[in-house]
Amino acid sequence: MSKNNNVDIQSPFCVLCGRTDDCPEKYGEKRTYVEYNLTVHYYCLLMSSGIWQRGEEDEGVDGFLITDIRKEVNRAAKLKCNICKKKGASIGCVAPKCKRSYHFPCGIQKECIFQFMEDFRSYCWEHKPVQKFPDKESRGTSQCTICLDLVEQLPVYTVLKSPCCKNAWFHRECLQYQALSAGIFFFRCTVCNNKDKFQKEMLRMGIHIPEKDASWELEENAYQDLLQCYQHCDIKRCLCKKGRDYNEPDSKWEIKRCQCCGSRGTHLACSSMKSWEQNWECMECRSIFAKSGNYSKQKKRSLATSEKTDGTCLLEEPSPKCPRQSPGSQHNFLLQSPKIMCQNNLSPCSRLELPASHRVTMSLSPLMSNRNWSLSKKHLRKERREVSNILKELKLQVNTKTTRLNINAENIWNSALKGFRQRNFSPTNTIEIKFTNCKNRSKTDTSAASKHHFFQLLMLHLQNSSLFEGTSAKNLSFDFQAVKENLYFEAGKMIAVSLVHGGPSPGFFSKTLFNCLVYGPENVKPALEDVADVDVAKTIKMIKYANSLSSLQSTIHDCYEFLAAAGCLRPITALCDKNMLVNDILIHHVIKRIISPLESFRQGLKTLGVLEKMQMHPDAFSSILCHKPERLSAEIICDLFTIHSSSDVNKVEGADFWMGYLQDVESGESVVTLEDILVFVTGSFSIPPIGFDPEPTIKFLHIRYPVGNRLLNCLELPITKTYEQFKNKMEVTIRNTLRVERE
């Protein structure tokens with residue numbers, strides 16, 4: 001149901017009270033529904049005596065059906081307000097034999113009490129509940145503990161007393177604003193912090209406490225500063241070429257913080273530390289220990305061996321000489337970090353220690369190259385396991401309340417956009433997908449499979465949409481219409497929701513785009529590969545590869561209008577000026593040009609706290625946002641499933657057949673693929689970053705053919721006497737099942 005905030009120049013009036021006032025604190029949110037020609041204050045609707053919520057929360061107006069609202073308007077049209085004497089009084093006093101009726105704003109003006117709980121009762125000015133005060137209690141003035149202004153200690157409508165504290169008095173208006181801000185979870189007595197007794201009394205006295213989280217809890221990244229840890233190398237001469245703030249976990253450039261104060265740090269390599277487990281103290285803490293006499297000789301010796309300072313202080317450059325390695329340790333060291341080794345003795349060394357003629361890079365060795373690839377592959381898997389745990393933690397926000405999205409697979413973007421923008425959509429609700437254009441959808445399909453298929457189609461559409469540009473690694477493009485319609489925000493929101501709700505990751509972000517999202521665009525230096533526009537890339541290349549000052553000036557003259565529009569014109573007096581010019585063009589075209597879409601995209605990614613986790617774990621999220629999912633292998637599928645069996649014998653025999661079949665599929669000796677097996681069991685073509693819920697399992701049973709239970713992600717396999725029987729049943733069942741689904 002769409003809401004319209006700009007209907008006419010004159011604000012529409014509420015159908016129940018007849019007023020045009022728009023004051024959410026007093027009358028609730030004013031909502032206009034153009035398709036029903038209906039405008040109503042939320043509180044007027046809640047307190048009306050002749051209407052109930054007969055629908056679901058996503059039906060009508062928060063459960064109030066449109067037909068019921070019109071009936072209530074017709075009923076109220078016959079009743080005259082006892083305060084303003086006009087027709088349309090929809091609220092009546094619940095006191096026995098009291099026949100007073102009034103509008104909600106009129107009741108507020110006349111100091112009636114409206115109880116926002118249970119049956120939403122209302123009381124007129126004569127029958128309203130009042131707070132009781134002991135006769136012996138002294139009257140006077142005290143300070144309102146919210147606004148700190150004076151309040152008279154009198155039993156009047158505008159003043160309320162705390163039921164749990166003797167000397168706590170409040171202005172009614174202050175309490176109402178506090179309740180709207182704090183919500184039901186944080187609204188409590190400001191003096192003693194009592195919640196239950198305090199809320200019960202305030203609800204009785206007409207204070208509306210909304211069922212929502214506190215406003216300060218809903219603010220994005222409100223406590224981000226508290227989550228930051230020190231990431232800076234304080235060694236006097238830092239050896240890291242990427243700067244003192246560069247931190248790469250599980251490498252020699254990981255930053256180790258002082259184990260005592262945590263406010264100083266060093267790269268492992270900068271202090272000649274071999275592993276992260278070694279203890280390290282900063283100079284200040286070490287001096288304190290030394291003065292106190294608690295710094296043991298044994299600790300001094302260990303520090304001396306792990307950090308060679310050559311007589312200098314801890315925050316000065318350590319010795320450039322690396323400790324001598326044993327023959328057995330050379331191999332591991334070379335695999336882990338440096339790309340350079342000396343020819344004469346094969347000991348690792350710095351690039352600056354030897355002339356170029358005495359150096360050879362590891363890329364010259366095919367064996368080392370393959371091992372590095374294997375290590376990077378393992379590192380990628382490790383990062384993806386970390387992402388899975390992070391996303392599972394974020395998924396704890398998702399509740400059991402269901403939101404259904406009706407999706408047309410042939411028009412995936414518009415139907416997804418409509419679903420994400422509907423009023424009852426919340427990222428924290430469980431998402432259920434219904435494909436409206438698939439009348440004969442397979443009975444084996446489940447909600448989880450439909451949801452994964454939807455997100456897969458959505459990510460594919462985003463990859464090929466006008467919001468992004470580039471070939472495989474994409475950056476944001478500048479689409480004016482998309483900015484106007486806030487589509488970049490929606491795209492970021494959809495990606496965040498996909499990651500947390502078990503969908504696939506985009507996998508097409510460029511490293512530049514990812515760094516802009518995580519570190520901010522001001523800290524990113526784009527490269528020529530980030531330019532998708534062929535003409536712009538050609539211009540940059542002509543400037544970059546100009547071999548004389550005259551050819552450079554000629555090129556600048558030819559593209560004068562482009563440089564002027566980009567704000568990159570600068571005086572060229574030497575050939576080396578071309579480097580700064582190229583850098584200016586790259587920054588303008590790749591970053592400054594799309595700064596508005598980038599900020600909108602970042603805001604969308606903040607949904608469910610995804611961007612915050614990206615900034616805390618950049619390497620982990622880079623593995624899924626900048627890389628496509630790893631191609632399925634027999635090893636991956638085997639590790640994915642947990643085997644259960646009622647008999648150990650059957651389990652062993654069945655496991656042998658199962659693993660042998662995976663090997664045949666991987667080597668191409670089968671009519672099905674590993675992807676077909678995954679689809680047969682889970683309905684998904686790939687393993688989502690968060691993993692499957694529940695985790696896939698295998699059961700060996702006395703059945704004729706295999707069964708893929710997508711609801712439980714369980715593959716039920718038949719117990720056979722020979723491998724040929726097992727393979728034949730797998731081939732026939734999986735191939736026929738998927739063929740029927742595709743048809």
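View 1. E111 is partly exposed, its relative accessible area being 32% (buried denotes under 20%, exposed over 50% and partly exposed in between, with a 1.4 Å probe and protein chains only). This is a predicted model in which local features need pLDDT of at least 70 and side-chain atom pairs count only at pLDDT 80 or more, while totals for chains, interfaces and linings use all residues. Residues are numbered from 1 along each chain as its sequence is written, and side-chain values use heavy atoms, with hydrogens and water left out. The side chains of E111 and K128 form a salt bridge at 3.7 Å, N to O (a side-chain nitrogen of Lys or Arg within 4 Å of a carboxyl oxygen of Asp or Glu). The pair links distant parts of the chain, 17 residues apart: E111 in the loop between α4 (104-109) and β5 (113-114), and K128 in the loop between β6 (122-123) and β7 (141-143). Helices (H or I, at least four residues) and strands (E, at least two) are DSSP runs, numbered from the N terminus.

**View 2. The pair R593 and E469.** In this salt bridge, the closest N and O atoms of R593 and E469 are 3.0 Å apart. Because R593 lies in the loop between α20 (577-591) and α21 (595-605) and E469 in strand β17 (residues 468-469), the pair ties together parts 124 residues apart in sequence. R593 is partly exposed, with a relative accessible area of 26%.

**View 3. The pair E599 and R602 in helix α21.** A salt bridge joins the side chains of E599 and R602 (3.8 Å, N to O). Both residues lie in helix α21, three residues apart, about one turn of the helix. E599 is partly exposed at 40% relative accessible area, whereas R602 is buried at 15%.
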